[in-house]
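This briefing goes through a structure topic by topic. Please keep the sequence and the 3D view at hand while reading.

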Amino acid sequence: MSDLARLKTGEKGRITAIGALGPMKRRLMDMGVLVGETVQVVKVAPLGDPIEIRVKSYSLSLRKQEATQIAVEILK
Amino acid sequence: MSVSAQARNTEEPAGSAPDLKVVPSRPIVVAVAGNPNAGKSTLINAIAGSRLHVGNWPGVTVEKKEAGFVFEGRPVRLVDLPGTYSLSPYSQEEIVARDYLVSARPDLILNVVDATNLERNLYLSVQLLELGIPLVMALNIFDEVEAKGYRIDMLTIEKQLGVRVVPTAATRKSGLDDLMREILATADNAGARIPRMPDYGPETGAALESALEVLREIHPALLARYPEQWLSLKLLERDPDVLKATNLPPQGRFGEISAEVERAKGADMETLMAESRYRLVAGLTREVLKTPDVRKADITEKIDRIVLNRFLGIPIFLAAMWLMFKLTFDVSSPFADWMDAMTAGPFQRWSAAILGAVGAPDWTLSLVNDGIIAGVGFVLVFVPVIFAMMFFITFLEGSGYMARAAFVMDRAMHAIGLHGKSFIPMLLSFGCNVPGIYATRTLENPRDKALTALLLPMMSCGARLPVYVLFAGIFFAEHSGTVIWSLYVMGIALAMVMGMVFKRTLFRGEAPMFIMELPPYRMPSMRSLCLHTWEKGKHFLIKAGTYILAVSVFVWFLLNLPWGVTHKQDSYLGRTGQATAPVFAPLGFGNWEAASSLLTGVIAKEIVVGTMGEIYAPGRAEEASDEPVPSLSEDLAGIAVGFGEAIRGAAHNVVSTFGVSSLAAQDEEPANSPLKTAVGGAFSPLSAYAFMAFVLLYMPCVVVAIAMRQEFGGWKWFGVAFAYQTALAWGVALLIYQAGSLLGLGG
């Protein structure tokens, strides 16, 4: 078990739980970040944060701090 | 791709909506809804063109666009809803969109869908269907779908969702007539085309049915006010806004129904609903979307490999920002100079000629020229820079680079509590704070937007430079460059400090977010860019222009009342200067001249120099001119030639972006001018530095105030900026002067 912030560039994971609450959880849901969804880390910003992920075949960026609240299991 | 749409039109029985034909004057109201980046604006621009009317939604500063026109003899009114990803009540945009759909009940919804990103876009579509309003779906950006080799089975979407689907490509204006015809056909058959609630599975269906029964039994009045299926669903979701509007408790009968489902499923109703919607949408997408087996890296990925590269990302970003800054201010400045010359020269001469001819008293000439025309001129010089800024910001947003800029800069900006997108307003503020304030509209989150607007007046704008140039030139001759540089750094450093302070005080507890789509790169259409720029520029011209003009006239009265005042010292302004001077005494410049200059500097900070000129060296401005007065035709010719020169100047500046020019600081005082001598006597180097720091920091100018009011729909944030900046300016100037005096730098 890991969280999204710990995935390396190129790694894929399946979301197992979302720890965020309130507006952030809702926003993640609206953007398609849900339990069971497969996500891939595409890029890390030049300064090390935020990260770009691919979900539902589009690109989404979020801060690592936000990504730590998304639990994932790494997919090989 | 228009065949199916036309074939369907013939299916409709002709004349099935007699009531609409009897009263053709009632327009069909179409609410346009869609995700951000789905090409909604471009589509509306392509349909309605210049008939667009831009305003704000009542009570909020979310932009509202409307267009009324006649299509094939039928009046239509398009109402553009803010671009949203969802209809949840968590952002201003979503609340505005939802409230409009629920309470104004448009005849139908035009749902603009980015066909290249079907799944996430359909998530909003199913929420729109929950409202029970007839819906026509535009599968927009369809040209890219075809180019990518995707195939979309539109008939299945139509069948499964019970809506009509029309493929469009707004940037190429294709499919628009089909779309409009489908809208008319749907409006005419509205009764037969009310969509049913999307099928979210048996449990949800059963819960909805129970909720609806309770509503029918106990709250029949509510059913008349809201779409019934939607209301049941929102009550089950415990939607805070709906509960508040209906005065129902979150527990109660509906809470019980939800709790039962939640126990069975092990998640809260809101999450369950989101999952149900996505399940439906994912299933539908799988069924209708066929993508090529071999996926090639698309253009967006290729560009991002370079633009977001670990080593190249920041240099490319900085180069892009530098280019935008130079273009914004260099392209606009020749036009600003032209407008300035036009109002200062011909306009004032004409008004003098007209007023002289009708025998008006002298003071009216002064009011018209120094109050009104000067005020108009003051508004006009801002117009080019606002237009240029809007153009580039719109381009950055439309092309998709804005999101990348935020992505690259977020780490640095987040350190002081800001958002990656705050960088651009901050940067523009070094040229002029006014476009900076308007550029904050690119920030979606009200918290980030307010904080950015509060901090950006600390970026030393071009209008403050003439003050520094004058004072540093007099007191720090050899080191004037270093002194001016130190003021810029002081502004940035204090902005960082204040950012930390605000983060922990005014904005404490508000969770900032950076969950943002990185949309595909797209070339915005020139037409859409120009229309958008024009709308924004026009908005500024009318709204801000009125205020600025009023302030300019007001200041004229301050300077010229009471009647017959001959010395500036005796005018209301001078008296106010005398009264406030003691406040500045501990800062080292407690004389009425400095105080009066600071007061007029509130209009624009470069006016500090102008007022000082008038006070310290009166008469200089009214030097008699021996040149012959140009005739009307010469003036008109001059204006035309000037415009031509402005175009040439702008072109020249684009080519030689190294050319140094800025909004202000063009006319330098000659050495040993009376003004320099007078200022040299009135200040010491230490008090001069304290004065410059004060000018840097004290309240933002009137135009910034008006821009803030316009962007935030009230004076609140300007009030905060005014209070903290003036206090900070006083404190910092005090510290500089007193500490400097203690260290023996006072002489």
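Val41(A) has Ile53(A) as its bridge partner in β4(A). The model is predicted: local features need pLDDT of at least 70, side-chain atom pairs count only at pLDDT 80 or more, and totals for chains, interfaces and linings use all residues. Residues are numbered from 1 along each chain as its sequence is written, while chains are lettered from A and ligands numbered from 1 in the order in which they are written. Helices (H or I, at least four residues) and strands (E, at least two) are DSSP runs, numbered from the N terminus.

- Seven strands form an open sheet with antiparallel pairing, in the order β1(A)-β6(A)-β2(A)-β3(A)-β4(A)-β5(A)-β10(B); two strands pair if DSSP finds at least two bridges between them.
- β1 (2–3) of chain A and β10 of chain B are at the edges with a single partner strand each, so one side of each has no neighbour in the sheet.
- Strands β3 (residues 38–44) and β4 (residues 51–55) of chain A are antiparallel and share four bridges, and Lys43(A) stands opposite Glu52(A) in β4(A).
- The hairpin of β3(A) and β4(A) has six residues between the strands, and Gly48(A) there takes a positive phi near 95 degrees.
- Strand β2 (residues 12–18) of chain A pairs with β3(A) in the antiparallel sense over three bridges, with Thr38(A) as the bridge partner of Arg14(A).
- Across the two chains, strand β5 (residues 58–62) of chain A pairs with β10(B) in the antiparallel sense over two bridges, and Leu60(A) has Glu517(B) as its bridge partner.

**Where the chains touch**

- In all, 28 residues of chain B are in contact with 27 residues of chain A; contact means that the C-beta atoms, placed from the backbone, lie within 7 Å.
- On the side of chain B that touches chain A, at least two residues each come from α5 (118–129), α14 (269–288), α16 (313–357), α18 (401–414) and β10 (516–517).
- α18(B) gives the most to this side, with five residues.
- By class, this side of chain B has 16 nonpolar, five polar and seven charged residues (Ala, Val, Leu, Ile, Met, Phe, Trp, Tyr, Cys and Pro count as nonpolar, Asp, Glu, Lys and Arg as charged, and the others, Gly among them, as polar).

**The sheet of chain B**

- Chain B has an open sheet of seven strands with mixed pairing, in the order β2-β3-β4-β1-β5-β6-β8.
- β2 (52–56) and β8 (164–167) of chain B are at the edges, each with a single partner strand, so one side of each is without a neighbour in the sheet.
- Strand β1 (residues 28–34) of chain B runs parallel to strand β4 (residues 74–80) of chain B and is joined to it by five bridges; one of the pairs is Ala31(B) with Val79(B).

**Two helices of chain B**

- The axes of helix α9 (residues 202–218) and helix α11 (residues 228–236) of chain B come within 9 Å and cross at roughly 105 degrees. Axes are lines fitted to C-alpha atoms, for helices over the stretch in contact, and angles run from 0 to 180 degrees between N-to-C directions.
- α9(B) and α11(B) are therefore roughly perpendicular to each other (65 to 115 degrees).
- The residues of this contact divide into nine nonpolar, two polar and one charged.

Terms used:
Parallel < 35°, antiparallel > 145°, perpendicular 65-115°, else oblique. Contact = placed C-beta atoms within 7 Å.
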